[in-house]
Amino acid sequence: MRFNVPLFPLLLQYRLQIALTTKTYFQPDEFWQALEPAHELVYGYGYLTWEWKEGLRSIVHPMVFAIVYWVSDLLRLGDAGVIYGPKVLQALFAATADYSVYKFAQKYYGDEISQLTLMCTVTSAFNYFVSIRTFSNSMEMTLLICALNFWPLDKTAGQVNMLNYSIALVLAAIACVLRPTNILIWSYLGVALTVRQRSFKIVTLAGAIGTIILSLNALVDIWYYQRLTFPLYNFLKFNIVESLSSFYGVNRQVYYVVEALPQLLTVYVPFFFHGIYISRSSTLAQACIFVVFVYSLISHKEVRFIFPLLPIFHIFAAISLCRLRILSRPKLKWTFLALLALLNVPLALYASTTHQRGVVDVTSYIRTTPSIESVGFLMPCHSTPWMSHIHRPDITAWFLTCEPPRGLSHSELATYRDEADQFYDDPELFLRMHFPAVTGNQTEVARFRYDWPSHLVVFGALEELLNSYVGDAYVECKRFFNSHVHEDPRRRGDVVVFCKQND
């Protein structure tokens, strides 16, 4: 059975609704490595993290959203264009990924598995939560599944269609520009294709297209950085040669199997393991296993690193579901599938509309409150979006930084404490060392790193301590619910805004 309604418009409407109603925070890169560089490029103000100062990032991904900002300005959409424009574009990318995985599964596995794949994709809690966010991983996912639609896999009979193969190579090369680690899956698929076809032309074309895309990307980055720089080289040097990515956390080797995959797939995880076992002889399954294995060897691990593979994981889950005897009975089939889908709904809605929403709400408050002249964030660094959401050049704003160390020995690296760490080690000592007296005169300000702003933003966990330190100099003027629980004790409680009292 095939769908008799226009599928893509429905998927786009679905992802748009999710994007426009998502009010929560997940991880900093969504804002600080995508929207913030784009905002700084177009509007001339914002904050560029150390990666941009060191040339570890390509400007290609942020430029996609910079175009949205330019168009927004051209159409005079104001703040609405700045806040919602990137969401609309990302919803388009997410819907494209949904449609592409359906068409891919239909092409290689038939109608029943393609429909089950689509069900897994649109009801996935993690996909609901992340696919509409402006991570480079989200765009990488779209490019990956689109490229696979043109890639000659095991079941492709006859000679390789060179036009389709070229399109796949272009999309794959762009994905590798966005996230250099995407080369893992394409290197495996490329070697498998070369061994199967034994064609020098396939290798030559891959080299030519890869060289062209990398050259164009280098020109764009040279234009942006105004110097000769190669982000791909810098990225590999930082993460592999210097191993400084471990500064952001180290996980056990089995993390992706026992933690990340259950987070990604939730109720579909047992079906995924069964489906990939069934398909273990296929190149696609082997490529996924290879990617997860290599990622497991890297000390710093995050669930979103394997998120681009989620559409493929859903295909394997659908293959398993197709084998279940319970699905041979129509009534039981739809009851069972509806139950699986509904189990994802509460988690998806809670994560997208409730958990960690205060850190986003507070930026809207700052943007729309003219009386705010300056604001400081006494929080773990990058706890909120920045100028891509505040969008106000008229205010002074600062936050506690967490730049990684460069040029330190392994022993020095083990004891390194960034600015945010130093603050939370002893908040009172930090305030005395880096701030003038709360009621001090202006002549003292120049001797300190920070001055007391008109507004301070803290998490509820720090509220009592701050109240005792500042006394009557600040009073609470706004409070936003952020989360019921949080694994990081520093981020627990509401987001509280304190206003400085007039002298």
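Tutor: Let us begin with a term: a residue counts as buried when its relative accessible area is under 20%, and as exposed when that value is over 50%. Please keep in mind that this is a predicted model.

Student: Fine. How many residues of strand S3 are buried?

Tutor: Five of the five residues of S3, which spans residues 455–459, are buried, so the strand is largely enclosed by the rest of the structure.

Student: And which way do the residues of S3 point?

Tutor: His-455, Val-457 and Phe-459 point one way, while Leu-456 and Val-458 point the other way. In a regular strand, side chains alternate between the two faces of the sheet. In S3, the residues pointing either way are all buried.

Student: Which sense does the pairing of S1 and S3 have, parallel or antiparallel?

Tutor: Strand S1, residues 374–378, pairs with S3 in the parallel sense, over four bridges. Within this pairing, Gly-376 has Leu-456 of S3 as its bridge partner.

Student: What about S3 and S5?

Tutor: Those two strands pair in the antiparallel sense over five bridges, S5 being residues 495–500. Here Leu-456 stands opposite Phe-498 of S5.

Student: Let us change topic. Where is Thr-283 found?

Tutor: Thr-283 belongs to helix H15, which covers residues 283–296.

Student: Is Thr-283 buried or exposed?

Tutor: Thr-283 counts as buried, because its relative accessibility is 10%.

Student: Which residues is it in contact with?

Tutor: Leaving aside neighbours within four places in sequence, Thr-283 is in contact with Asp-154, Tyr-188, Leu-189 and Ala-192.

Student: Now the whole protein. How many helices and strands does it have?

Tutor: The protein has 23 helices and five strands. Buried residues make up 55% of its 503 residues.

Student: How does its radius of gyration agree with a compact globule?

Tutor: For 503 residues, a compact globule would have a radius of gyration near 23 Å, and the protein has 25 Å, which agrees. Its C-alpha atoms fill a box of roughly 80 × 55 × 50 Å along the principal axes.

Student: What about the charged side chains?

Tutor: There are 40 positive and 38 negative side chains, and the centres of the two sets lie 14 Å apart.

How values were computed. Residues numbered from 1 in each chain as written. Predicted model: local features only at pLDDT ≥ 70, side-chain atom pairs only at ≥ 80, totals over all residues. Heavy atoms only, no water. Rg over C-alpha atoms; globule rule 2.2 N^0.38 Å. Buried < 20%, exposed > 50% of the residue type's maximum accessible area, 1.4 Å probe, protein only. Lys, Arg positive; Asp, Glu negative; His and termini not counted. Charge placed at Lys NZ, Arg CZ, Asp CG, Glu CD. Contact = heavy atoms within 4.5 Å. Pairing = 2+ DSSP bridges.
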